[in-house]
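Reader: I would like to go through this structure and ask what lies behind the labels. Please set each value against its cut-off.

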Amino acid sequence: MSTYVDVILPLPLKQLFTYAVSEQEVDEIQLGMRLAVPFGKTKVYTGLAVQLHNQKPLHYEVKPIEQILDEAPLVTKNQLQFWKWIADYYMCSLGEVMKTALPNALLLESETLIEWNKETEIEPEALDDEEFLLYEALQKQNALKIHEVMQILDKKTVLPVVKRMAEKGILILNQELNTKYKPKLKKYIRLTEAYSTEKALPDLLEQLSSTPKQKEALLKYFSFSAKTKKPITTKDLSEKADVSTSVVKALIKKEIFEEYQIKQDRIDFAIAKTRAAFQLSEAQQTAMQQIEESFETKEVCLLHGVTSSGKTEIYIQLIEKVLQQGKQVLFLLPEIALTTQLIKRLQAFFGEEVLVFHSKYSQNERVEVYRHVLQQSKGKIVIGARSSLFLPFSNLGLIIVDEAHESSFKQYDPAPRYHARDAAIVLASFFKTKTLLGSATPSLESLTNVKDQKYGYVRLDKRFGNVQPPKIELVDIKELSRKKQTTGHFTKPLLSALEKCIEDGKQAILFQNRRGFSPILECKTCGHSPQCPSCDVSLTYHKHNNSLRCHYCGYSMAMQTKCLACSSPDISTKGFGTEQVETELQELYPEWRIQRMDHDTTRRKHAYDRIISSFENHEVDVLIGTQMLTKGLDFRNVDLVGVMNADSLLNFPDFRAYERCFQLLVQVAGRAGRTEEQGLVLIQTYNPYHQILQQVTTNNFKLMFKEQMYERKNYAFPPYFRLIKFTLKGRDYNRINEASDWLASYLKQSFGKQVLGPEFPPVARIKNKYHKNIQLKIAPKQSVIKSKKIVQKALNSFEAVGQFRSIRVVVNVDPY
Ligand code: ADP
Ligand code: ZN
Ligand code: ZN
C-alpha cells in the first residue's frame, strides 16, 4: 500500500498538495517537518507535512517528495491550529500564513537567490566538497538560484546543503541582501595539538628560553586560562592578561598557538541581571491584584493606565510569577516601540531569559530565536513585534500586548492581514492562558468589550510617584498669524517655551505628522503640481537630496526650478514636514543641537536606537519627529512637547481619524515631564475649538468615548458593525470598473445596502495599477461565519469569470 503526505506550500493557493512517500520515509516523517518537494516542471519548494494518509489523489499524477529537511518537527500542533484559525478568519491560504509565520531562511524555494556572506570569516579549507563548489561559483557570480545550484552540484537534492550553509551564516538568502550581518564566528586561540599535553610542556618552555617575551606570554596564558576556564580570544589576552597581540601572532607562527572558531549566537545572551524588583506602589499593587482577580473569571484584562503610571513594572512582576511556574511569556509590542530602552529594562531584570524578535533582526538571528523557543533551550520571555505570535511556543503562560491600541498591530500587506492584538487573544486561548492588554489610550473596541463584560478592566489614573500630568494648551495659529506673531511654522508661544526649556537645560520634543521637507510643489501661476507617472499622487519634495519623490512607488526626479506645465518660475511648496521644521528651527537657533527622527533618518538598522540614546544622553536639545516618537519612550529630561499642527491629524478620510488623533496627542503629550517638574505640551492648531482637541486638553477620555461611540453607531461602523474590505487591482481602467461592479452586485444580492462602493480610493492608481474598493458591513446580529461563507462563494464565482482573470482581489477582514 502506498502512502501519501499532504503538505502546505508557501503559495497563495487554498488547497493542500499531495506527494508520495516511500515506506522508509513514512517512518521518518512527522507532522510539522519540512519536506523539499517538486512543483511544476522545474520548481522546488519547501513544504510542510501536515497529514499522512493512503488515499491516492484522483485527478493528478502524484510525484514523490525529494527530501525530508528536518529531523524533528519544526512546527508544533498548536501552531498549525493557530495557522488554520488565521487563514479562516482573515480569509487567506495556509501557505500565505506559513510564509509569514516561518523566518524566510527556513523557507527555501527554487526562486531563492543565494549569496555568499562576505562578513562571515571562513577559511575555504574548512568547507566540505559541496560547500567548496558553491564557494567557487559564488566568487565568480554574485548570486545563484537554486536550480543553478543543482547544476553546479550535479544533483537535485540541494536544499539540505543550502539550508545547512544558510543556518551556519555562510550563505545569505535573497530577502536580505541589504542587511548587514554581525560576523558569527569569533576566533579563539589554544595550544596546538603537539603542545597540548602536559608532557610537552618542559620542552616547550625550554624551546622558548631564548625569547623571554614569548615564554612569559605562554605562562600568562596558562594562568589566565586556569582562572577563566573558558575559551580565550587574543583580545582577552591582551586586555585582561597583558599579553601583546604581536607576541600571540608570533606564537601562532611557530605553531605553538592556533586559532579556532566556535559557533556563537549572533545575539548576545551574556546579559547579567542588574536589578531587583521595585517595591510596587500601593496603586500598582492594587492594580496587580485586580488583574489577577479578573483572570480568575475572564480571558482578557485591559490595563488602562496613563502614560508613566508604572504599567511596565506591573508587567515585570506578572512575568516573574509566570516564569516561576516554568511557563513562557510573550510580550507583544508595536514594531516601533520595541526600543533598546525597553529591551534593556527587561533584560536588567530577567537577564538571559529575554529573547527579542523583530524585523530589524537578520534572517539568521530570527532562525536562532525560533529554534530556542522550539527547543525551549534559552529564554522563556519573548519580546517581539506582531510576527512573534507565530513562534513555536509549547508552554505559554501569559501574553501581554502593550500599547494595545496601536494600529500597527495590524498587518496590511501581504496576507495574512491579521491583527496581532486579536490574534493574540485566540492564541492564548489555545494554551488555556490569559491575555493582558495595556494602554494609556485604549481603542473603542477594547473598551466596548469591557462594557460588555467580556474583558476585565483595571485603571491606573495617576503617574507613578505622583508626578503631575503635563499641562496641555492649545495655540491658535490663525489668531497669532493675524497678529504677526509667527515665524515660519512656529508661533510665538511655542518659540518662547522652547527658549525657556533649553535655557533651563531641559530637552524638547517637536511632533510633526509628516516626513520630508514639504510634501508638495505647487505652481502659483497655473496650480500644477508634479505628479508621479505611475501613481495618482503628487511628488513630495525632499530637501536633503533636492529631489521630488513618490512615497508609494519610490519614483524620484530632480527638484524643478520652473513649472513643468507652464514654465513659470513662480513655484512654491505647500504643507510642511519634519525636515522643514528642522531647517527653520536651526536657522533661528544655530547653537541648538537639533536631531530629526523619521522614516528617512532611521532606515538603517541601528539608526533609531542611536538617535534615542543620543537624546537620552542629552547630546541633543530638540528632537523633531513623526509618530515614531510617541511610542512608549521614557525620557527623563523632557519638559516641553510641541505639536506643530494638529489639524492634519483631524482631516483624515477615515472613520477612526478622531479616535486616532486623540490617542496620538495623548501619547505625544505623555513624553513630557516624566519627573518632578510639571511638563508642558503646546498644540498648535487652526481649530482650537474642535471637540477632540478640547477633550485632549481636558483629558476627557470618557466624553471622547461617548461621542465617538455615538458616531459609530449612527454610521454603522466598528465596534458595532464588522467590516470586510475588498480592493480590486488591475491595469485596465474599464476592466477594473466592470469587475468591481460585478463583485459588488453579487454581494448586494445577499447583503443589500450593507455593501458600500465600489469606489476609487483617494490614490486610485499605484504603480500603474488602478485600485477600487468595496466595503461590506456585517451587522451585530449577523453571523460572521455565515457571512464569510457567502463572501468566499462570491470570490470563487468571481475567479471563474474569464475576463476578470487579470484582476487581483485583496480581501481585508477588520481592515482598520
Ligand atoms: P508606563 O509603562 O505606564 O509608561 P513605567 O513603568 O515606564 O510606566 O513607569 C514610569 C517610571 O516610573 C519609570 O521610570 C519607572 O522606572 C518608574 N517606576 C514605576 N514603578 C516604580 C516603582 N514601583 N518603584 C520605582 N520606580 C518605579
Ligand atoms: Zn504652472
Ligand atoms: Zn509612484
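Author: Along the chain, the donors of the zinc ion (ligand 2) follow the spacing C-x2-C-x36-C-x2-C. The model is predicted.

Reader: Which residues are the protein donors of the zinc ion (ligand 2), and what makes them donors?

Author: They are Cys-523, Cys-526, Cys-563 and Cys-566, each through SG, at 2.2 to 2.4 Å from the ion. The cut-off for a donor N, O or S atom is within 2.8 Å of the metal, so these SG atoms count as donors.

Reader: Why is the site of the zinc ion (ligand 2) called tetrahedral?

Author: The angles among its four donor atoms are 107 to 113 degrees. Four donors count as tetrahedral if all angles lie between 85 and 135 degrees, and therefore the site of ligand 2 gets that label. For reference, the ideal angle for four tetrahedral donors is 109.5 degrees.

Reader: Where in the chain are Cys-523 and Cys-566?

Author: Cys-523 is in strand 22 (residues 518-523), and Cys-566 is in the loop between strand 25 (556-558) and strand 26 (571-574). The two are 43 residues apart, and the pair links distant parts of the chain.

Reader: Why does Cys-523 count as buried, and what does Cys-566 count as?

Author: Cys-523 has 2% relative accessibility. Buried means under 20%, so Cys-523 is buried. Cys-566 has 34% relative accessibility.

Reader: Which residues are the protein donors of the zinc ion (ligand 3)?

Author: They are Cys-532, Cys-535, Cys-550 and Cys-553, again through SG, at 2.3 to 2.4 Å from the ion. Their spacing along the chain is C-x2-C-x14-C-x2-C. Within this set, Cys-535 is in the loop between strand 22 and strand 23 (540-542), while Cys-550 is in the loop between strand 24 (547-549) and strand 25. These two are 15 residues apart, and both are buried.

Reader: What makes the arrangement around the zinc ion (ligand 3) tetrahedral?

Author: The four donor atoms subtend angles of 107 to 111 degrees. The range for the label is 85 to 135 degrees, so the arrangement around ligand 3 is tetrahedral.

Reader: How many residues surround ligand 1, and which are the closest?

Author: 18 residues surround ligand 1, and the closest are Gln-279, Gln-284, Ser-308, Thr-312 and Arg-345. Helix 12 (residues 311-324) gives the most to this shell, with three residues. By class, the shell has four nonpolar, eight polar and six charged residues.

Reader: How do you know that ligand 1 has polar contacts with the backbone of Gln-279, Ser-308 and Ser-309?

Author: A nitrogen atom of ligand 1 is 2.9 Å from a polar backbone atom of Gln-279. An oxygen atom of ligand 1 lies 2.8 Å from a backbone N or O atom of Ser-308, and an oxygen atom of the ligand is 3.1 Å from a polar backbone atom of Ser-309. A polar contact is a pair of N or O atoms within 3.5 Å, so these pairs qualify. Taken alone, ligand 1 exposes 550 Å², and the protein buries 84% of that.

Reader: Why is Asp-402 called buried?

Author: Asp-402 lies in strand 15 (residues 396-402). Its relative accessibility is 7%, under the 20% limit, so Asp-402 is buried. Asp-402 and Leu-303 are 99 residues apart in sequence and 9.3 Å apart in space, C-alpha to C-alpha.

Reader: Why does Lys-432 count as exposed?

Author: Its relative accessible area is 73%, over the 50% limit, so Lys-432 is exposed. Lys-432 is in the loop between helix 15 (420-430) and strand 16 (435-439). Its phi is near 50 degrees, a positive value in a residue other than glycine.

Conventions. Residues are numbered from 1 along each chain as its sequence is written. Chains are lettered from A and ligands numbered from 1 in the order in which they are written. This is a predicted model: local features need pLDDT of at least 70, side-chain atom pairs count only at pLDDT 80 or more; totals for chains, interfaces and linings use all residues. Side-chain values use heavy atoms; hydrogens and water are left out. Donors are N, O and S atoms within 2.8 Å of the metal (3.2 Å for Na, K and Ca); water is not among the atoms, so sites may look incomplete. Four donors count as tetrahedral if all angles lie between 85 and 135 degrees; four count as square planar and six as octahedral if opposite donors are over 155 degrees apart and all others between 65 and 115; anything else is irregular. Helices (H or I, at least four residues) and strands (E, at least two) are DSSP runs, numbered from the N terminus. Buried means under 20% relative accessible area, exposed over 50%, partly exposed in between (1.4 Å probe, protein chains only). A residue is near a molecule or strand if one of its heavy atoms lies within 4 Å of it. A polar contact is a pair of N or O atoms within 3.5 Å; within protein, one must be able to donate a hydrogen and the other to accept it, and residues adjacent in sequence count only if both atoms are side-chain atoms. Accessible areas come from the Shrake-Rupley method with a 1.4 Å probe; for residues, only the protein chains shown count as cover. Ala, Val, Leu, Ile, Met, Phe, Trp, Tyr, Cys and Pro count as nonpolar, Asp, Glu, Lys and Arg as charged, and the others, Gly among them, as polar.
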